[in-house]
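Subject: Structure handover

Hello,

The structure we discussed is below. My notes on it follow.

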2 protein chains.
Amino acid sequence: MYKAPVEDILFTLKHVAGLGPALEEGALGDLSEDLVDAILGEAGRFATEVVAPLGPQGDRQGARHEGDGVVTLPDGWADLYRQWIEGGWNGLTAPEAYGGQALPHMLNVAALEMWNSGSMAFALAPTLTMGAVDALTKHGSEALKEKFLHRMVSGEWSGTMNLTEPHAGSDLGVLKARAERREDGTYRIFGQKIYITWGEHDATENIIHLVLARLPDAPAGTRGISLFLVPKFLVNDDGLLGARNDLFCHAIEHKLGIHGSPTCTMIYGDGRFGSEKGAVGYLVGEENKGLACMFTMMNNARLAVGVQGVAIAEAATQKAIQYARERTQGKAPGHSGEGMSPIIDHPDIRRTLLTMKALTQGARAICYSCAYATDMAHHTEGETGRHFAERAALLTPIAKSFSTDVGVDVASMGIQVHGGMGFIEETGAARYLRDARIAPIYEGTNGIQAIDLVTRKLPLSGGQHVRAYLEELRAVAADVAARDDAGFGRTAAWLEIAVTDLSEATAHLMAELAAGRMSEALSGATPYQRLFGLTLTGIFLAKAALADPGDGGREDRVALARFAAENLLAETAALKVQVISGADSLAAAGRLLA
Amino acid sequence: MYKAPVEDILFTLKHVAGLGPALEEGALGDLSEDLVDAILGEAGRFATEVVAPLGPQGDRQGARHEGDGVVTLPDGWADLYRQWIEGGWNGLTAPEAYGGQALPHMLNVAALEMWNSGSMAFALAPTLTMGAVDALTKHGSEALKEKFLHRMVSGEWSGTMNLTEPHAGSDLGVLKARAERREDGTYRIFGQKIYITWGEHDATENIIHLVLARLPDAPAGTRGISLFLVPKFLVNDDGLLGARNDLFCHAIEHKLGIHGSPTCTMIYGDGRFGSEKGAVGYLVGEENKGLACMFTMMNNARLAVGVQGVAIAEAATQKAIQYARERTQGKAPGHSGEGMSPIIDHPDIRRTLLTMKALTQGARAICYSCAYATDMAHHTEGETGRHFAERAALLTPIAKSFSTDVGVDVASMGIQVHGGMGFIEETGAARYLRDARIAPIYEGTNGIQAIDLVTRKLPLSGGQHVRAYLEELRAVAADVAARDDAGFGRTAAWLEIAVTDLSEATAHLMAELAAGRMSEALSGATPYQRLFGLTLTGIFLAKAALADPGDGGREDRVALARFAAENLLAETAALKVQVISGADSLAAAGRLLA
């Protein structure tokens, strides 16, 4: 059973991501280390004792569409949700004016990891609500905020994001949902949306949908999309619920995983509730600026999905290690005497488990570092603020894509460690793979993240930002070399190679971009993204190993950093090759797909 | 929808695996190319038109345990099985004396690929029956063969393999099922077996179980295991079915995939059918030599599982390409004018699809080459026979492990190409991943294959066999270089590097073995196995590209070989690093798992 790794999480936050120095310098206001420890300790307890035990049940039973727009959550989940909001977990980062705690994003990201390890399907509810709160906070009118935010921050009402339509997924510019103006300043929304996470359920009395739609006179494409708040039940001025709005859940999807999370097809404005046709909507932000509103919250949402990858990887790794300790089979090298060895003693199983551990901790460090940059951007101004905003922007696609790939890979390795048991659903290892598999897809596929990384993030500050970051990474390699600790083995050399590979690949892509060779640049985008993530994994594990807070864990961290450097980082050379010289053969082989 | 790639399959058999020259030289008796084409053409039609359409249904409905030992197949599957045996497909390679066609193994492997692409869950039935036929043919007494083989070769009766017990999976030496001698020369079998594929079902009137069990006076460990034939219904001397034997299916597993295939827990000898306790069994081979009997058929079974990986990869690739052609989203580089591009025009999707194609065809070539070696070993004698037997032995673990890993990876890529649709079960892409995930586990986990490859296959002929094979591979690289065809790009150079990496890794492992450093050798076994498979992929794709039978496909094959060499083979250097210098850090990091 999953046990929240609160110590590992706190260590990564403080000694790798940057929370420790930030606390010392008072960069995050009056937040104290004791409060951080207390909050995450309690989150860990809740994730371990309350959320995780209900994960398997949610998977087996799944959310059910009862017809007539009614969706029922798995047994126990409505109560779980109630406990969740009573714990105050929904409003960690939300503004105090609306009942939130205005804590750093880092804490929420760390807590999210633990909720997701317990049950990714469950954790999607607050993830979506937090996204809606974020968008509304930044772009909603005061009246709208006053009416809706309090109960969304508390979690009393949940929130959703309605973006996708059948023909409009990665490319939102072609969406067709339409909005009509009314004289009272409200709008009426019509259309169909698909893949709406927690679009309907029985855990909250109201659901607040944020919906992208197009006004009749809107420009074509992405500049003609507006964002609307469309509640399931209208809210009277006294705050009480009013009429049912003209929207409903038509069906829910039968999915590979996250069965407890209802993925809804939503219909807006078909008049089924007897009212005038059209779902009542309220404009968020300006007309035709809806996509810009979404983009301001997209970084947080993408990071939250990256964290899902970390969460699944952590849970899968724990489960595999536990099984490998208990299961005996064969005799490992060096085993003498009677009986069989625990399979954890077999070198192949060891290699797998250590790879799982290294990738998980690397992905965690990347996600937390991204959250740190977001927080620092929020708490600083001018050049410094811009620096951290760029850092967060650069790290976001890597955090999202690398971590979600790690989630899938590590979950698959976890099944393998279990042997035949891994394929049996009751064991629980398979659920991790099924749940993990969506994360590289939604919130922008990892291929879209790679395009974002190469075409929008590398050019930040004319390329200076990423170049400076590469030098920061190189400095970590130099610190390892300077430490002259035999425990590190050849770690410093491998880190140096990885950073050099990443630097060369970066320079190549920037040259392609500068020359307008877009197809060539994009041909290498995905291997480049992985190259970046893998290099960061090596660097961050080394950074963790360099720290020594006297917790007795240093030697373990050195050993893991060395394992990662000497085994996983050799892949950076291969990825560099794909980035730098893969485009020609990719183009030549296009004929096979014609 | 899946369409059997008969042309690709025939090309690989003839021009890569070696069937073409073998036919020309008459090495396979009077088998003609026309007959090969006709058989595989018809197999392709059957797989495409009859098997594949029932795959999704089998997955959705699954096999059902109705209680009381009764298992019902998905709707339509009993009829599908009837059509299958009427087509004569079950006996392709079986001895003519028992109604088989005694055709080369290569043809059966190619046909198996197509059945598995149609439905891996369905294809498991004949796969297991063929394995039982194989074991019985080689080790059964004449009386046993006469009584059972005819109807097993026809498929009228299906067969199973009963090896695993809850505590005995990879390590069969500790199995506990027991056998007692009876004065009439028969035995009585008692015990529980798990994970018995197609252990019970309603498609055949009898099921012939091959069961490993231990006699009371047997030596401990693997040298005390005997093999028994234990039919569901006893068979009278007139061939009619007699009494129900004392065995039954206690439960079936709820699995991640292959839902149509009943995975049974079998109970032997609990007396539930009112007879004297103990299932009547007949000894196959000699007492206490059961494991040796299993080993003679294990190569074929392992190859058959490898083929499952190829099959899933092929089906997943076809599906992804089809979707990527139809789905439009965004504008690819160079797209001008109105509308969106088919996603197949986006470089990232292209890279994914070409990777899927290259890995699938590489794995296919490895499996078929292994089948070729098996056939040639069967059709030749003396030194030549031994050479081919060693070749088959060497290639078997690679065919099993590399291909099944490819099956999982390619199925996962296929989901990614489908975006959100890939996560929806109705689409069908997710089924491929769910089905594929068992193949790296059963019939010896891929970790076990790696141990076999390093500790038993590399030492064949004192290491001479693998060394000679490496020179054969190097010759292909030289042939590409000599061709001086610009279409190959830097293919020759990358092949040369890959073979060199593989050679160095091989020499390293053989030195570790010679020095008795078993733990160090095994630490690198899995990356070595992948290194071998990846190198073979590059070499075999190049070999395919060198052939020019005038079918108009040469340029496509050259482009794919180049893509694989210039993009995928860069990984060989990383794998070599893991093999050669990964062991120290693996050992040092053991402390994290203590």
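Before the rest, some ground rules. This is a predicted model in which local features need pLDDT of at least 70 and side-chain atom pairs count only at pLDDT 80 or more, while totals for chains, interfaces and linings use all residues. Residues are numbered from 1 along each chain as its sequence is written, chains are lettered from A and ligands numbered from 1 in the order in which they are written, and side-chain values use heavy atoms, leaving out hydrogens and water.

Cysteines. In chain A, the cysteine sulfur closest to that of Cys249(A) belongs to Cys264(A); at 3.7 Å it is too far for a bond. Cys249(A) is buried, with 0% relative accessibility (buried means under 20% relative accessible area, exposed over 50%, partly exposed in between, with a 1.4 Å probe and protein chains only). In chain B, the sulfur of Cys264(B) has its closest cysteine sulfur in Cys249(B), at 3.7 Å, again too far for a bond. Cys264(B) is also buried, at 0%.

Asn206(A). This residue sits in the loop between β5 (187-197) and β6 (207-213) of chain A; helices (H or I, at least four residues) and strands (E, at least two) are DSSP runs, numbered from the N terminus. Asn206(A) is buried, with a relative accessible area of 0%. A polar atom of its side chain lies 2.8 Å from the backbone nitrogen of Phe233(A). Setting aside neighbours within four places in sequence, the residues in contact with Asn206(A) (heavy atoms within 4.5 Å) include Trp157(A), Ser158(A), Pro231(A) and Leu241(A).

Helix α1 of chain B. Nine of the 12 residues in this helix (residues 6-17) are buried, among them Ile9(B), Leu10(B), Phe11(B) and Leu13(B). The buried residues of α1(B) pack against several helices of chain B, including α3 (33-51), α10 (347-379) and α18 (525-546). Gly18(B) follows α1(B) and has a positive phi, near 120 degrees.

Annotation. UniProt, in an unreviewed entry, lists residues 40-156 of chain A as "domain: Acyl-CoA dehydrogenase/oxidase N-terminal"; UniProt positions are given in the numbering used here, feature names are shortened, and annotations may be inferred rather than shown by experiment. Over that range the chain is 65% helix and 3% strand, with its end C-alpha atoms 22 Å apart.

Regards

Terms used: Polar contact = N/O pair within 3.5 Å; in protein donor to acceptor, adjacent residues only side chain to side chain. Disulfide = S-S within 2.5 Å.
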